[in-house]
Amino acid sequence: AQRAPRGEPMPRLSKELGGAVELFVKRDDLLPLAGGGSKTRKLDYLVQQALDSGADTLVTCGAVQSNHCRLTASAAAREGLGCHLVLEERVAGSYSPEAGGNNYVFGLLGAKTQVVPLGGVDAAVAALMEELKAAGATPYYIPGGGSNALGALGYARAAISVVEEARKAGRPFDAVVLCSGSGGTHAGMLTGMRACGDQTKVYGVSVRFDAAKQKSRIEAQYKECAKLFGNEAPEEDVVIIDSQVGPGYSLPTPEMRSAVEAFAKLEGILLDPVYTGKGAAGLLQLVREGAFQPGARVLFLHTGGAPSLFHYQPVPE
């Protein structure tokens, strides 16, 4: 993630929304590894720990179109490691072995996959780890989304660079908006910004759980990551917007479709229907509802996911 792109303005989208708020995007969808995305930052730390421990195989989990699984498989290929993915069918009937998008890329990168029903990940991972060890392998387990304190350090580091760049420019951001899913990105951004003494508000747009449940999940990760810096993790720092979850994880909403189309047609930026599409829908909602003062500078963190767009085409209503 050393070659991470900086924030860039979105003038046409800003104008479309009235021009009172100046919107920017941090293009983490352009990070290295296959297809780019936020998990590259987390994998910087997690894969290094795997290598340091002598592991020869990476094991992780995610949804059937998981961006995290794609990037873990890419990192494994790059480092010459084996890779096993446990895919959770969070929506019944949503998995097809012939599916495109990330599912196609898993095999292309050499990863081995198994599919389990909702709630079946823990048992499947435990059995797989034992099976690999019995076969003489040395597996290293990476949690879903790469979201633990070590992985979140990748976004603490990203947050520090955001703050430093803004200070050098003499124009700090007034808010940051990002997707809040497995939680490492959200917790890491909060940790890094507060470690710099920056109190910019961070809005996490939930893509799966209601505000109360997601806030509890993020608070727990935030506390663990902040400990690594010797800092506190005030609960009030965690702000969750759950209005874009819709009928459930990965299930479409009209607001998501509108956001995906707006970013594409106005800024030439591709989002995905599961994560960044709903995150962007949250951003547009906040602007339209007047959450930001006129003249505010708001940064949207694009965490990637475009490869799955080609599975969901056309973008569902």
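1. Buried here means under 20% relative accessible area. Keep that cut-off in mind for Glu219: this residue sits at 12% relative accessibility, so it counts as buried. Bear in mind too that this is a predicted model.

2. Glu219 has a salt-bridge partner in Lys215, with the closest N and O atoms 3.1 Å apart. The two residues belong to helix H8 (residues 211-227) and are 4 residues apart, about one turn of the helix. Lys215 comes out at 26% relative accessibility, so it is classed as partly exposed.

3. Elsewhere, salt bridges with shared partners link Glu8, Arg27 and Asp29 into one network. Within it, the Arg27 and Asp29 side chains meet at 2.8 Å, N to O, and both of these residues are buried.

4. Have a look at Glu22 and Arg171 as well, whose closest N and O atoms are 3.3 Å apart in a salt bridge. Glu22 is in strand E2 and Arg171 in the loop between helix H6 (149-169) and E7, so this pair ties together parts that are 149 residues apart in sequence. Glu22 is partly exposed at 31% relative accessibility, and Arg171 is partly exposed at 41%. A search of the whole structure turns up 11 salt bridges.

5. Now the nonpolar side. The largest core has 32 residues, and those touching the most other members are Leu13, Leu23, Val177, Phe263, Phe292, Val298 and Phe300. Elements supplying at least two core residues each include strand E2 (22-27), helix H9 (254-267) and strand E10 (297-302).

6. Setting aside neighbours within four places in sequence, Phe292 contacts Val21, Ala175, Val177, Tyr203, Leu286, Val287 and Val298. Apart from this core lies another, of 23 residues, including Ala158, Ala159, Ala187 and Val238.

Terms used: Residues are numbered from 1 along each chain as its sequence is written. This is a predicted model: local features need pLDDT of at least 70, side-chain atom pairs count only at pLDDT 80 or more; totals for chains, interfaces and linings use all residues. Side-chain values use heavy atoms; hydrogens and water are left out. A nonpolar core is a set of buried Ala, Val, Leu, Ile, Met, Phe, Trp, Tyr and Cys residues joined through side-chain atoms within 4.5 Å. Buried means under 20% relative accessible area, exposed over 50%, partly exposed in between (1.4 Å probe, protein chains only). Contact means heavy atoms within 4.5 Å. A salt bridge is a side-chain nitrogen of Lys or Arg within 4 Å of a carboxyl oxygen of Asp or Glu.
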